[in-house]
Amino acid sequence: GERGLVGASASAEAGAAPLEAAAWRLIEVEGSWSRGGWVQLRHVLSGAFLRLVPPPHPLQWTFSVDGQPASHASLFQLECDKPPCDGSAPVHLRVHPDATGARLNYRGDDLVRGHGNAPPWAPAPRLPSTRIAMQTISLSRLAADMRQWAPRRRACYAPCASPADGEESSLRASPAWDDLCADVYAQPVCESIARVHGASPGGGWGSAPPAARLRWARLGCHKYLPPGTSPPS
């Protein structure tokens, strides 16, 4: 399945993960979303944006959640099988045509891709597997869910509280750490470390303090950032 926030959102079931990990804000960029306008999808927990990785990138057809500047690859159109397009019926999430025009395609086993279900890989057309059910979440419900998950979030971070041992194996051995911790909470922290300390493909980490390098190792941050991003050293 997918790693990090894409995986957490794709595999979320009612009550199985925090709502903020599976919820997205529709930010209208051009026109109204209900009338075919272009929107960005901003992840509630991380504040980052959903983006297709188009060909010919090595990770082509996957989706990332990142804070990169807006581009056609992060612009989406909500297509409805039948009007009105008001969120009451499933939609198809189409990437801007200047970034392939693919639909977000849930291929099972928590795999989310922009291509179809059989080779040769090409932009996914409307398929049963591209239909997405929408649900509106009120701020009050979101806040209540965040309070409910607060103890779990603290437990996820607990293994990082003591700098006694920076080995990732010690983190994995902790009973407080599991896949939900890794997918939901590790990726935003890793990306914050990268932003603060200037991580970039091929960039150096000489100025990163020991605490940042320790947390990077403990959270296994190398799994969540683009290939070529240098770890703290």
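Select helix H5 and helix H6, whose crossing is left-handed (the near helix is turned anticlockwise from the far one by less than a right angle). The two helices, residues 179–196 for H5 and residues 210–219 for H6, pack at an angle of about 145° with their axes 10 Å apart; axes are lines fitted to C-alpha atoms over the stretch in contact, and angles run from 0 to 180 degrees between N-to-C directions. Helices are DSSP runs of H or I with at least four residues, and strands are runs of E with at least two, numbered from the N terminus. Now show the side chains of Ala186, Val189, Cys190, Ile193 and Ala194 on H5 together with Ala212, Arg215, Trp216 and Leu219 on H6, which make the contact (heavy atoms within 4.5 Å).

This is a predicted model, in which local features need pLDDT of at least 70 and side-chain atom pairs count only at pLDDT 80 or more, while totals for chains, interfaces and linings use all residues. Residues are numbered from 1 along each chain as its sequence is written, and side-chain values use heavy atoms, with hydrogens and water left out.

Next, select Cys80 and Cys85, which a disulfide joins with an S to S distance of 1.9 Å (the criterion is a pair of cysteine sulfur atoms within 2.5 Å). The torsion about the S-S bond of Cys80 and Cys85 is about 60°, so the disulfide is right-handed. Both Cys80 and Cys85 are buried, meaning under 20% relative accessible area with a 1.4 Å probe and protein chains only.

Finally, select Gly87, in the loop between strand S5 (76–80) and strand S6 (91–95). Leaving aside residues up to four places away in sequence, Gly87 touches Trp33 and Met134.

Note on methods: Buried means under 20% relative accessible area, exposed over 50%, partly exposed in between (1.4 Å probe, protein chains only).
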